[in-house]
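Here's a friendly walk through one protein model. Have a look at the sequence and the fold, then read on.

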Amino acid sequence: MKEVQAEVVTHYRSSLVEYIRAHENRVVLPGRMTIRLAKQFGFCYGVERAIDLAYAARKVFPNPTRIFLLGEIIHNPEVNEQIEMMGILAISSRPSMEELDELTSEDVVIIPAFGTEVGTRQIIQEKGCVMVDTTCGDVMSVWKRVKQYSKDKVTSIIHGKAWHEETKATSSQATASNGHYLVTFTLEETDRICDYILHGGDKTDFLAIFKGAYSEGFDPDIHLKAIGVANQTTMLRGETEEVQRRLKEAMEQKYGTKDLGNHFRYFDTICSATQDRQDALEKLLTEPMDLLVVVGGYNSSNTSHLAEMGGSLLTYLFHQKCGYDEVL
């Protein structure tokens with residue numbers, strides 16, 4: 001692993017970034033341009049572990065052994081390009097039966113940091129493939145909660161993106177445990193759930209709104225009587241907390257404070273590294289700046305939320321400065 005980690009460092013360490021860090025995260029360039037870095041910066045432990053394991057897999061199983069990766073190891077184009085250059089073959093994050101049929105017991109399959117769906121994992125195991133599981137520990141903590149909800153006949157309300165690999169893996173844990181789930185992405189969707197809890201409504205319309213975001217056989221008239229909140233680990237903490245607050249308030253209104261414990265559960269499963277980076281950016285944004293640069297993959301949930309935080313503040317400041325009702 002030391003050899004692997006040394007190779008990873010050569011690929012993903014920046015001398016410029018290290019220089020700025022060594023100068024208290026701030027440097028002044030000729031012409032008086034100041035560059036500042038957020039204090040929490042770069043890959044978290046879970047990502048570093050996933051990358052290390054992928055590099056190690058290639059060393060342990062050299063060519064011509066075939067190594068397959070489900071989708072992307074993480075949502076970072078440079079990392080995935082390096083993985084590809086090592087001869088590791090990418091297949092779909094949700095592989096078709098045709099793709100899975102091509103696997104043999106001689107092959108190695110890497111499970112990405114987001115995890116994979118229970119059904120996919122079972123097929124890979126049945127094929128006899130060697131599995132290199134890089135699933136993040138924080139993701140597996142969410143799985144533990146969701147499986148417990150299912151065991152207790154509690155529906156998992158997952159705050160996340162229904163199309164994201166991590167959320168799909170998490171929701172599969174619910175169904176594999178004979179439970180149900182419903183994914184909510186926005187506060188508007190959360191309010192629709194709350195309204196249905198309190199007042200009922202047209203079941204067909206409700207299911208149409210959440211198409212593709214609930215378990216097979218999910219019935220809001222039955223499965224919203226006892227709910228537990230979980231989340232995709234890279235969501236904004238404040239937003240997940242608001243989802244939890246609104247759902248708790250709806251269940252409390254419906255069933256009363258005394259009986260709330262029988263109808264509502266919540267555990268904080270936001271990734272600590274995600275929160276550290278969001279907190280660091282929030283602090284960075286308290287100082288005036290002309291430009292915020294967020295470095296990361298366009299399809300990265302972490303990256304998009306950091307950009308969203310910066311965009312929200314800069315829009316607010318623009319409103320304050322210009323007095324416009326809308327920003328075009």
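Strand 8 (residues 181-184) sends Tyr-181 and Val-183 one way and Leu-182 and Thr-184 the other way, and all of them are buried (under 20% relative accessible area; exposed is over 50%, partly exposed in between, with a 1.4 Å probe and protein chains only). Strands here are DSSP runs of E with at least two residues, helices are runs of H or I with at least four, and both are numbered from the N terminus.

Before going further, keep in mind that this is a predicted model, where local features need pLDDT of at least 70, side-chain atom pairs count only at pLDDT 80 or more, and totals for chains, interfaces and linings use all residues. Residues are numbered from 1 along each chain as its sequence is written, and side-chain values use heavy atoms, leaving out hydrogens and water.

Back to strand 8: strand 7 (residues 155-159) pairs with it in the parallel sense over four bridges, pairing being called when DSSP finds at least two bridges between two strands. Ser-156 stands opposite Tyr-181 in this pair.

There's also an open sheet of four strands, in the order 4-3-5-6, with parallel pairing. Which strands stand at the edges? Strand 4 (89-91) and strand 6 (130-133) do, each with a single partner strand, so one side of each has no neighbour in the sheet. Neighbouring strands here are turned by 30° against each other on average, direction ignored. Within the sheet, three bridges join strand 3 (residues 67-70) to strand 5 (residues 108-111), and Leu-69 has Ile-110 of strand 5 as its bridge partner. Helix 6 (residues 118-127) lies across strands 3, 5 and 6, at about 145° to strand 6. Contact means heavy atoms within 4.5 Å, while axes are lines fitted to C-alpha atoms, for helices over the stretch in contact, with angles from 0 to 180 degrees between N-to-C directions.

Most residues other than glycine have a negative phi, and most peptide bonds are trans.

A cis peptide bond joins Asn-63 and Pro-64, with omega about 15°. Pro-64 lies in the loop between helix 3 (45-60) and strand 3.
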